Amino acid sequence: MPKPAKGPRLGSGPAHERRLLGTLAGQLIQHGRIRTTVTKAKRLRPVAEKLISAAKKGDLPARRRVMAVISDKSVVHHLFTEIGPRFAQRDGGYTRITKVGVRKGDNSSMAIIEILTEGTPAKRAVVSQADAIAKSAAKRDDAKKASAARVADRDSNAKKISERIANRLSAAVSEIEIESDSPKKATAKKAAAKKAPAKKAAAKKAPAKKAAAKKAPAKKAAAKKAPAKKSAK
């Protein structure tokens, strides 16, 4: 069971306090600021900020939770369409309490509670702007890198294509040279085939020439001996 808040309650009981805070929250959301006692403003602040946090979600369960506190549909619509999106980049601290003195009659301390008009703190706004600039610069750098990569790919593909074309041309030229050289080689082979029998015949005659060359000195010696025989007779 939830325990009741410590300290004095507003109104005559818990249900009365919830109804009172719901009414004050509706008036605060509708008008943007209200003037009430400091005690009510301090008790109203967490209720109003929870309602704004629910409005930031914007889904149906959050709308139902808000409708359980505020029964006016126009106020709920204003909360979800205008106030919730205003604080989309803010984590908390949607309201401000300003003391304005005392009330005449009972001398109660009075305060003004209001919803902030600026949705994002100044520092966070600067940081968000810097982040946006950095993201845009990063996107531009990525685009430049991507374009450079595409250009490099095109260049490499062009080089590969030129190399393939050069290889094909060289292969075609070599084939043409081979085809042009083949008739010459065929005629050379035929001529060599015709000369082969003559070479063989010359090779066969070579031993006879060598034998004749060996017999030539013997003939010369016999010719020298012939005059000597004639003189002896």
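What pLDDT does the chain average, and what share of the residues score at least 70? The chain averages a pLDDT of 81, and 70% of the residues reach a score of at least 70; pLDDT is the predictor's confidence in each residue, on a scale from 0 to 100. This is a predicted model, in which local features need pLDDT of at least 70 and side-chain atom pairs count only at pLDDT 80 or more, while totals for chains, interfaces and linings use all residues. Residues are numbered from 1 along each chain as its sequence is written, and side-chain values use heavy atoms, with hydrogens and water left out.

The chain contains five helices and three strands, arranged along the sequence in the pattern α-β-α-α-α-β-β-α. Helices (H or I, at least four residues) and strands (E, at least two) are DSSP runs, numbered from the N terminus. Confidence is highest in strand β3 (residues 109-115), at a mean of 94, and lowest in helix α5 (residues 122-232), at 73. Where pLDDT is low, the predicted coordinates should not be read in detail.

Next comes the chain as a whole. Of its 233 residues, 19% count as buried, where buried means under 20% relative accessible area, exposed over 50%, and partly exposed in between (1.4 Å probe, protein chains only). The chain exposes about 17700 Å², and carbon and sulfur atoms supply 58% of this area; such areas come from the Shrake-Rupley method with a 1.4 Å probe, and for residues only the protein chains shown count as cover. Among contacts (heavy atoms within 4.5 Å) with a separation of 6 or more, 58% join residues 24 or more positions apart.

The structure holds one aromatic pair. The rings of Phe 87 and Tyr 94 have centres 5.0 Å apart and planes at 55°, so the pair is tilted. Rings of Phe, Tyr and Trp (its six-membered ring) pair if their centres lie within 6.5 Å; planes under 30 degrees apart count as stacked, over 60 as edge-to-face and the rest as tilted. Phe 87 is buried, at 0% relative accessible area, and Tyr 94 is buried too, at 1%.

Another ring, that of Phe 80, has the charged end of Arg 63 over it, 4.3 Å from the ring centre. A charge sits over a ring if NZ of Lys or CZ of Arg is within 6 Å of the ring centre and within 35 degrees of the ring normal.

Lys 57 belongs to helix α2 (residues 38-57) and counts as exposed because its relative accessibility is 59%. Leaving aside neighbours within four places in sequence, Lys 57 is in contact with Ala 62 and Arg 65.
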